[in-house]
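Q: Hi! I have a model open and would like to talk through a few of its details with you. Could you take a look with me?

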Amino acid sequence: MKHIFNIAILALLAISLSFCSRDNRTRNVRYMASTDMYTPVSYETYGTNPNYTNGLDAQAPVPGTIFRGEVPYEIANTEEGYQLALKTLKSPLEVNDANLANGKAMYTIYCTSCHGDKGDGQGVLMQREKFLGIPNYKDRAITEGSIYHVIMYGRNMMGSHASQLTDKERWEIVQYVQKLRTDLLK
Amino acid sequence: MKSVKKHSLVNKIIYLSLTFLLFLNFNVSGQTGNYDKGKQLFNVNCAACHKLDKKLIGPALANITDKRSKEWLHAWIKDNNALRASGDADANALFKEYNGMPMMQYPQFTAQDIDDILAYTSGKPKEIAQNTAVAKVDPKVAEGKQLFQANCAACHKLDKKLIGPALANITDKRSKEWLHAWITDNNALRASGDADANALFKEYNGMPMMPFPQLSADDIDKILAYTSYVEVKADVTQSKDSNLAKPKASTAWMSIVLGLVLLLVIVWIFVKSNNGFLKIAATIFLLFGIAYLGFGALFQVGIDTDYQPIQPIQFSHKIHSGDNKIDCQYCHSSAKHSKTSGIPSLNVCMNCHKSISEYNGPVTSDKDKAFYDGEIQKVYDAIGWDKDNTAYKPNFEQVPVKWILVHNLADFAYFNHSQHVTVAGVTCQTCHGPVETMEEVKQFSKLTMGWCIECHKTTEVKMKGNGYYNNIHDQLSKKYGIEKVTEAQMGGQECGKCHY
């Protein structure tokens, strides 16, 4: 009888001590964590993969291929390419409310922190003087083609935003930027 | 004769007024220009390619007026193509140096605009420097600081030995006359046989300090005022931040003490007491206690609330999304279309960090500017960006940053971000907590099945404006006889939706 109680007391102590050692820099115990119910057999999005030379699962697309849903963009990332896009590239989307609404939503996520919600170059980063040199859209002679080109490749200090947006979203943003610009020019 | 005289009078007036105008004109263009307006113009038009102190796409422009004449600068900024075409040697050399990268033309600028910009590139006028740089401080100190930084800081610091000794409160150690003599010409002072001066020279292994005959007595006083001035580091933001960073005072010790006392009492009952009732009561209490704690421990298995691993780069969501209001989806851009939210690849970081190479925000006591600058440098090291030349290093093999995953569901449960973020319109914070206030991300929710189901039971499905639901909504609202449908009623607690 006494033994049982002694053991019980020890167990109680041990358990309460185990609570004290819980720190948030390491994961908690995970029962069956090593089985394939918990840890996938397949390769995970950001995991490692021994089959590739750089050991990563996330690979850039093979040159010359495009992923599903993407539209290849053939104009080169050069000054001539910019001029070509400026003059010839046209939007495949019709201007309507749905496109403009999504364009606005996407613009708000990806462009406002620099260009400001009105497109006047007064985004939060500019106002806080973290990132300078953002133009007002009305001061630039831009067309839908050149805006698309700039989203694809960036220009000078602006970086490319192609990887964050699908083709359709880019054109929707272009539509919305055009609208902002006409509003600014008024 | 008369007519000539009259003529000359008219002429005289014209000449006079002309010279007056010229004088005025000269005055206008000779004036320094408006610093603040110049700064605005510069930030909007030039800062994309130029910085004051660093090469960006174009050359650094601080004090460019020392290097080029004013006429040249006006001509260049207005229309650099024309200037080059006119055969100007400097302009063409510059163009070649920058690999034929053309700068834009600014024909719309007036001469005044350009003067304003040039005033900005020449640095802050003194009055402004005083009341912004070191606010609420003796103007002498502010000027002294400038002088110190321009002339002395290469070899001296206030608080640390650099090439020369630390200079804080040097006036306590040496007399004013001695200091003046030393700073103006320390060679002469040594030659005059001054003992202190010679001892110092020996202590620093005969490393001579430069003489500064150009500094006036007044300048030297200002510098000395600066070295005696102790900067009050109690910034408001700073003290607030360090408060936040401190862990909350723990009350855990109280329960530990209480537990130990109880334990001792129980042990005493079993060992010493002969009272049967007490023994039974203690036994029951002990069993319940063990059961309670035991189950508590078991329920912790696999639950990682507050898990906060040490990341390879201390990326602060507070600075990015809190202070600078960058949208979550700017970086986690796949949340809107796919199962995973994704961790941004480094090219996304570089959209901003090509330009932002150092941290100038508020700091806390344990994380100073050097710490944050070092963290930004890690991004550069990984992607191979040379911040001094502002270009990617050629043939650099990028090293991926090995972020440590915080949120991780077991493989048998399926969770999709786009279903919740895009379709349901749930904000990130509902599940991930106030990420924009976290220096380091931690897991906010429990991520248990109960947590998922609880929300599905209480959250209404947004059916309006979603064509997919047009039919389903009618059917479901008929079936349940209600207008609003929760996710659970739509099947959000069927096992197969999450386990398959």
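A: Happy to! One definition to begin with: buried means under 20% relative accessible area. Keep in mind, too, that this is a predicted model.

Q: Good. Is B:Lys336 buried or exposed, then?
A: B:Lys336 counts as buried, because its relative accessibility is 6%, under the 20% limit.

Q: Where is B:Lys336 found in chain B?
A: Look in the loop between helix 19 (328–331) and helix 20 (346–353) of chain B.

Q: And what is B:Lys336 in contact with, leaving aside its neighbours within four places in sequence?
A: From chain A there are A:Met106, A:Tyr110, A:Gln164 and A:Glu169, and from chain B there are B:Gln329, B:Ser418 and B:Thr422.

Q: Which side chain makes a polar contact with B:Lys336?
A: The side chain of A:Tyr110 does, at 2.8 Å.

Q: Which residue forms a salt bridge with B:Lys336?
A: That's A:Glu169, with the closest N and O atoms 3.9 Å apart. A:Glu169 sits in helix 7 (residues 167–185) of chain A and B:Lys336 in a loop of chain B, so the pair joins two chains. Both A:Glu169 and B:Lys336 are buried.

Q: How many salt bridges are there over all chains?
A: The count comes to 22.

Q: Give me another one. What does B:Lys70 pair with?
A: B:Lys70 forms a salt bridge with B:Asp115, and the closest N and O atoms are 3.5 Å apart. This pair links distant parts of the chain: B:Lys70 is in helix 4 (residues 70–78) of chain B and B:Asp115 in helix 7 (residues 111–121) of chain B, 45 residues apart. B:Lys70 is partly exposed at 32% relative accessibility, while B:Asp115 is buried at 4%.

Q: Which helix holds both B:Glu375 and B:Lys378?
A: Helix 21 (residues 369–383) of chain B, where they are three residues apart, about one turn of the helix. B:Glu375 is buried, with 9% relative accessibility, and B:Lys378 is partly exposed, with 34%. Elsewhere, A:Glu70, A:Asp167 and A:Arg170 are joined into one network by salt bridges that share partners.

Q: Switching to helix 2 of chain A: which residues are buried there?
A: A:Gly81, A:Tyr82, A:Ala85 and A:Leu86. Seen down the axis of helix 2 of chain A, these buried residues fall within an arc of 140°, so they line one face of the helix. A:Glu80 and A:Lys87 are exposed on the other side. The cover over the buried residues includes helix 6 (144–153) of chain A.

Q: Now the surface. Which residues make the nonpolar patch of about 780 Å²?
A: A:Val29, A:Tyr31 and A:Met32 contribute from chain A, together with B:Phe295, B:Leu298, B:Phe299 and B:Val301 from chain B. A:Val29 is exposed at 57% relative accessibility, and lies in the loop between helix 1 (2–20) and helix 2 (79–88) of chain A.

Q: Last one, on backbone angles. What phi does B:Asp306 have?
A: A positive one, about 75°, although B:Asp306 is not a glycine. B:Asp306 is in the loop between helix 17 (276–300) and helix 18 (317–323) of chain B. B:Lys325, also not a glycine, has a positive phi of about 55°, and lies in the loop between helix 18 and helix 19 of chain B.

Key: Residues are numbered from 1 along each chain as its sequence is written. Chains are lettered from A and ligands numbered from 1 in the order in which they are written. This is a predicted model: local features need pLDDT of at least 70, side-chain atom pairs count only at pLDDT 80 or more; totals for chains, interfaces and linings use all residues. Side-chain values use heavy atoms; hydrogens and water are left out. Helices (H or I, at least four residues) and strands (E, at least two) are DSSP runs, numbered from the N terminus. Buried means under 20% relative accessible area, exposed over 50%, partly exposed in between (1.4 Å probe, protein chains only). A polar contact is a pair of N or O atoms within 3.5 Å; within protein, one must be able to donate a hydrogen and the other to accept it, and residues adjacent in sequence count only if both atoms are side-chain atoms. Contact means heavy atoms within 4.5 Å. Patches are made of residues with over 30% relative accessible area and no salt bridge: like charges are joined within 9 Å, nonpolar side chains (Val, Leu, Ile, Met, Phe, Trp, Tyr) within 5 Å. Accessible areas come from the Shrake-Rupley method with a 1.4 Å probe; for residues, only the protein chains shown count as cover. A salt bridge is a side-chain nitrogen of Lys or Arg within 4 Å of a carboxyl oxygen of Asp or Glu. The arc is that of the directions from the helix axis to the C-beta atoms.
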